[in-house]
Amino acid sequence: MEIRELRAFLEVAREENMTRAAGNLHMSQPSLSKLIKSLEHELGAKLFVRRSFGLTLTKEGRVLRERARDLVGMANRIEDEFASLGNITGGALYFGLAESYQIQYLARQIKILREQAPDLRYHVESGVSAQVLEHLDQGSLDFAVLAQDPDLTKYEALTFPGVDRWGIIVPADHRLASRSYVELDDLVGEPLFCSQQGWKHEIARWAGSRMPDLRLEATFGLAYNAAVFAREGLGVLLTFDRIVDTSADSGIVFRPLKPALETKLHLVWRRNRPLSPIAERFLDQLRRA
C-alpha cells in the first residue's frame, strides 16, 4: 500500500465523485479508477458504492478513511520536517488545543514567531485532552494544550500564566441569572451540560460527596454548541469563563461557581522525542516569554 494511493482514496471520499477527484489530483479518471480498484483488491474489500448522485463509502471504506487520514497526516508531517531541516526561518508547527481564553497567549507567540520566520506554517486542531493527547502520542502533533495536569513521566510541560474559572451559562431570563455566584444547591434538579472530561474530574472534585445530587443532561465536546442549547433553555452549561460570548446582546450570562473552581492550562510535548528546528525555536521563545 502506498501513500499516493491513500491520498487518492481520501480525495475520492471527499469529493464523492471520480471525475472531480481526478481533476483535483491532476490525473485521468481511468487512471484514478484503476488505482482505487487496485487498492480494493489489495485490501480484499469494496470501498465505494456507486449511487445515482455519486459515490458513497462502504463500511470498510469508512474504516479506511479514518486510518488513511492518520497515515497521510503523518506522511505530510515527515515531509514538512525534512523539508525544513536546517531552516529555522520556516517549517510547520502542529498544535492540538483545548478550549480556553488563554489560547490568546499562544496565538500571540505564534504571531511573533511568524514575523521573524516568514516561511512558518502552522496547523491547529481542537479537542478535549484525550483526543489531542492521542495525536501527540502518535507523533502527528508537536504540542498539545491540556486543561488537566499532565503526566510528567511522559510529557514535558509549560504552565500558562492565568487560570480558567468555572461557572454556569444560562439564558439572561433564567432564575440563576440574577445571582452573583452559584452554589451546588442551586444546581440540584437542573439539567446540566458539561464536557465529559470536566464532569468526571473538575466538577466531581468540586461537588465531592454530593456529586450524585447533580443530573447530567448531555455532554458536549465544544462549548459553543453547548451554549446554543443553553440559550434555548434546554439546560445549564458548566464551563469556563470567557469561552463563549456572554456580552449584553448575546442573550446568555456567565455566573461563577462558589466555592471557586479553577483549572490551570498546560502546553505539553513528548519527553525524549526530538522536535523539528522550528518547534525548538518556538519552544525557546515560549520559555523566554
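At 44% relative accessibility, R175 counts as partly exposed, where buried means under 20% relative accessible area, exposed over 50% and partly exposed in between (1.4 Å probe, protein chains only). The model is predicted, so that local features need pLDDT of at least 70 and side-chain atom pairs count only at pLDDT 80 or more, while totals for chains, interfaces and linings use all residues. Residues are numbered from 1 along each chain as its sequence is written, and side-chain values use heavy atoms, with hydrogens and water left out.

R175 meets E190 in a salt bridge, a term for a side-chain nitrogen of Lys or Arg within 4 Å of a carboxyl oxygen of Asp or Glu. E190 counts as buried because its relative accessibility is 12%.

| Salt bridge | N to O distance |
|---|---|
| E190 and R175 | 3.0 Å |
| K154 and D137 | 3.5 Å |
| D137 and R270 | 3.0 Å |

D137 takes part in a salt bridge with K154 and in another with R270; this second pair links distant parts of the chain, 133 residues apart. D137 is partly exposed at 27% relative accessibility, and R270 is partly exposed at 22%.

Key:
Helices (H or I, at least four residues) and strands (E, at least two) are DSSP runs, numbered from the N terminus.
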